[in-house]
Amino acid sequence: MGKFLTRALSGLVFVSVLIFSILYSKITFICLFFSLMMLCLYEFKRMIALKSIFPYLIGCLFFVFGNILNVEDIPARIIFEYVGVALFLTIFITFASILFAKKEEVISHLGKIFLSVIYIVVPFTLMVQIPFLNASFNYVNSTILGVFILIWVNDSFAYLVGKNLGKHKLLERISPNKTIEGFIGGMLFTFIASFVLTHQFTSLTQTQWLVIAGIV
């Protein structure tokens with residue numbers, strides 16, 4: 001019971017901080033996700049036993065150059081210049097890191113750095129673009145908030161349905177407690193939630209919310 005309460009309270013704090021950062025301004029939203037990206041990089045590096053600062057450098061460059069247009073309201077016509085610079089610096093720094101790796105570990109070293117970038121940096125950088133994906137490229141907080149609501153609905157109902165009705169294992173080798181019933185329940189309630197969001201968050205159409213629900 002104590003463990004469940006701790007997880008519930010920590011989850012409540014995280015959700016509160018996330019919602020506040022999304023609703024307050026685009027700067028708080030971007031800064032929060034930058035911080036989360038760096039924390040995830042730290043955890044992932046520890047998991048794969050990568051002792052290098054280069055994923056942090058690449059992450060900073062990629063994230064900053066990927067979002068500078070959103071922060072500074074720079075005309076969208078020069079977006080490819082920033083993306084090009086970020087890509088060049090990412091590749092350059094990654095291969096330059098070979099100089100700091102032991103000869104017999106070069107391939108493993110490079111592979112772990114690329115994996116860190118693809119698995120952590122790129123998704124975080126792209127996720128921050130979601131509220132800016134509209135005709136005017138302005139920050140629309142309801143879009144990203146709706147995405148997280150769908151994620152929370154899916155997680156919650158997959159757990160509730162799976163716990164109470166689940167009998168058939170989904171992918172036991174990967175996650176032994178997941179069930180097919182839980183998967184279906186989570187998916188069903190996510191689509192129902194997308195219909196509700198259509199009426200609450202009108203920045204996207206019903207079809208768009210349904211597609212996002214399907215992706216979630």
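The structure holds eleven aromatic pairs. Here a pair means rings of Phe, Tyr or Trp (its six-membered ring) with centres within 6.5 Å; planes under 30 degrees apart are stacked, over 60 edge-to-face, and the rest tilted. The model is predicted: local features need pLDDT of at least 70, side-chain atom pairs count only at pLDDT 80 or more, and totals for chains, interfaces and linings use all residues. Residues are numbered from 1 along each chain as its sequence is written, and side-chain values use heavy atoms, without hydrogens and water.

**Aromatic pairs**

- Phe34 and Phe63 form a tilted pair, 5.4 Å centre to centre with 55° between the planes.
- This pair links distant parts of the chain: Phe34 is in helix 2 (residues 26-47) and Phe63 in helix 3 (residues 54-72), 29 residues apart. Helices are DSSP runs (H or I, at least four residues), numbered from the N terminus.
- Phe34 is partly exposed at 26% relative accessibility, whereas Phe63 is buried at 3%. Buried means under 20% relative accessible area, exposed over 50%, and partly exposed in between (1.4 Å probe, protein chains only).
- Phe44 and Tyr119 also form a tilted pair, with 5.2 Å between centres and 40° between planes.
- Phe44 lies in helix 2 and Tyr119 in helix 5, so their pair ties together parts 75 residues apart in sequence.
- Phe44 is buried at 9%; Tyr119 is exposed at 55%.
- Ring pairs also join Phe29, Phe33, Phe124, Phe132, Tyr139, Phe148 and Trp152 into a cluster.

**Val140**

- Val140 sits in the loop between helix 5 (106-127) and helix 6 (141-165).
- Its relative accessible area is 23%, so Val140 is partly exposed.
- Beyond neighbours within four places in sequence, Val140 is in contact (heavy atoms within 4.5 Å) with Pro131, Asn134 and Ser203.
- The C-alpha atoms of Val140 and Ile130 are 8.8 Å apart, with the residues ten apart along the chain.

**Second largest pocket**

- A pocket is an open set of points on a 1 Å grid over the protein atoms alone where a 1.4 Å probe fits, with protein on both sides within 12 Å along at least five of seven lines; lining residues have an atom within 4 Å of a point.
- The second largest pocket is lined by 17 residues, and Ala158, Tyr159, Lys178, Gly182 and Phe183 lie nearest its centre.
- Helix 6, helix 7 (180-200) and helix 8 (206-215) each supply at least two lining residues. Helix 6 gives the largest share, six residues.
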